[in-house]
Amino acid sequence: MHNSQAGPVDNRQSKQSTLFTLPLTAVHFTHGFWANTQQTNRTISLIHGYNMLEQAGNFANLRLAAGLAEGSFSGYWFADSDVYKWLEAVGWELGRAADAQLQATAAEAITLVERAQQPDGYLNSYYQFVLPEKRWADLDHGHELYCAGHLIQAAVAFQRGLSDGRLLNVALRFVDHIYELFGPGQREETCGHPEIEMALVELYRLTRDPRHLELAQLFIDRRGQHKMRGHA
């Protein structure tokens with residue numbers, strides 16, 4: 001793996017860049033506005049975010065997909081993305097400073113994500129529980145690749161921030177599945193909501209697996225070329 005001390009974007013190996021990102025630990029706020037904001041995020045916002053995800057049913061949706069609970073799906077079909085956004089925020093904060101309680105809470109969420117993933121690598125609670133027959137049927141509006149992108153970014157945060165590869169293993173299995181469907185010579189479509197492209201670029205910078213950059217390039221090239229389902 002590439003340098004685990006990199007931040008959310010790591011262009012330090014780029015031959016095209018003239019300005020380069022700093023390592024994650026290069027800057028520390030010790031007092032003032034940003035230090036206070038970090039403290040608020042750590043002690044209030046992240047905990048509140050977890051509670052809201054539980055209250056709104058985002059975690060419950062993953063439990064449904066994992067077969068750990070019964071009930072009805074809650075919220076939008078892209079609800080998983082909010083779990084991944086929260087995990088990404090936690091990953092970077094834990095990379096800044098350890099916190100046993102926050103890490104334990106995140107570990108529980110990661111375990112739930114692991115259990116929800118299907119054997120073929122697919123992961124999306126809405127399509128697993130509500131419309132399993134419609135997987136990849138509505139790329140314009142389905143947000144499946146969008147959610148995958150946020151999963152990747154959360155995985156990058158935990159790997160770089162904590163050298164914790166559990167979520168990365170989930171993301172890599174999902175990306176393998178996506179590559180089989182949308183890689184070279186396969187379905188020439190792209191997601192209606194841009195997101196996965198930049199996530200795949202950063203995944204490549206972490207793994208150096210050329211397939212990840214190749215897939216990002218394919219999705220970018222297809223955008224604007226009538227490669228979205230339902231467009232002539």
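Trp136 counts as buried in this predicted model. Its relative accessibility is 4%, and the cut-off for a buried residue is under 20% relative accessible area. Trp136 lies in the loop between helix 5 and helix 6, the latter spanning residues 144-162. Its phi is positive, near 60 degrees, in a residue other than glycine. Most residues other than glycine have a negative phi. The C-alpha atom of Trp136 is separated by 17 Å from that of Ala171. Along the chain, Trp136 and Ala171 are 35 residues apart.

Ser163 also has a positive phi, near 55 degrees, and is likewise a residue other than glycine. Ser163 sits in the loop between helix 6 and helix 7, where helix 7 covers residues 166-182. Ser163 is partly exposed, with a relative accessible area of 48%. A further positive phi, near 75 degrees, belongs to Gly67, which follows helix 2.

Two packed helices are described by the angle between their axes and the distance between the axes. For helix 2 (residues 58-66) and helix 3 (residues 80-96), the axes come within 8 Å. They cross at roughly 115 degrees. Helix 2 is therefore roughly perpendicular to helix 3. The crossing of helix 2 past helix 3 is left-handed. Helix 2 contributes Asn58, Phe59 and Leu62 to the contact. Helix 3 contributes Asp80, Asp82, Val83 and Trp86. By class, the residues of this contact comprise four nonpolar, one polar and two charged.

Burial in helix 2 involves Asn58, Phe59, Asn61, Leu62, Leu64 and Ala65. An α-helix has 3.6 residues a turn, so residues three or four places apart point the same way. Helix 3 is one of the elements that cover the buried residues of helix 2. The cover also includes helix 1 (33-56), helix 4 (100-116) and helix 5 (125-129).

Helix 1 holds Arg42. Arg42 counts as buried because its relative accessibility is 12%, below the limit of 20%. The side chains of Arg42 and Glu93 are joined by a polar contact of 2.5 Å. Leaving aside neighbours within four places in sequence, Arg42 is in contact with Ile47, Glu93, Arg96, Ala97, Ala98 and Asp99. Glu93 is therefore listed both as a contact of Arg42 and, within the 3.5 Å limit, as a polar partner.

Technical notes:
Residues numbered from 1 in each chain as written. Predicted model: local features only at pLDDT ≥ 70, side-chain atom pairs only at ≥ 80, totals over all residues. Heavy atoms only, no water. Axes fitted to C-alpha atoms, helices over the stretch in contact; angles between N-to-C directions. Helix = DSSP H or I, 4+ residues; strand = E, 2+ residues; numbered from the N terminus. Parallel < 35°, antiparallel > 145°, perpendicular 65-115°, else oblique. Left-handed = near helix turned anticlockwise from the far one by under 90°. Contact = heavy atoms within 4.5 Å. Nonpolar A, V, L, I, M, F, W, Y, C, P; charged D, E, K, R; others polar. Buried < 20%, exposed > 50% of the residue type's maximum accessible area, 1.4 Å probe, protein only. Polar contact = N/O pair within 3.5 Å; in protein donor to acceptor, adjacent residues only side chain to side chain.
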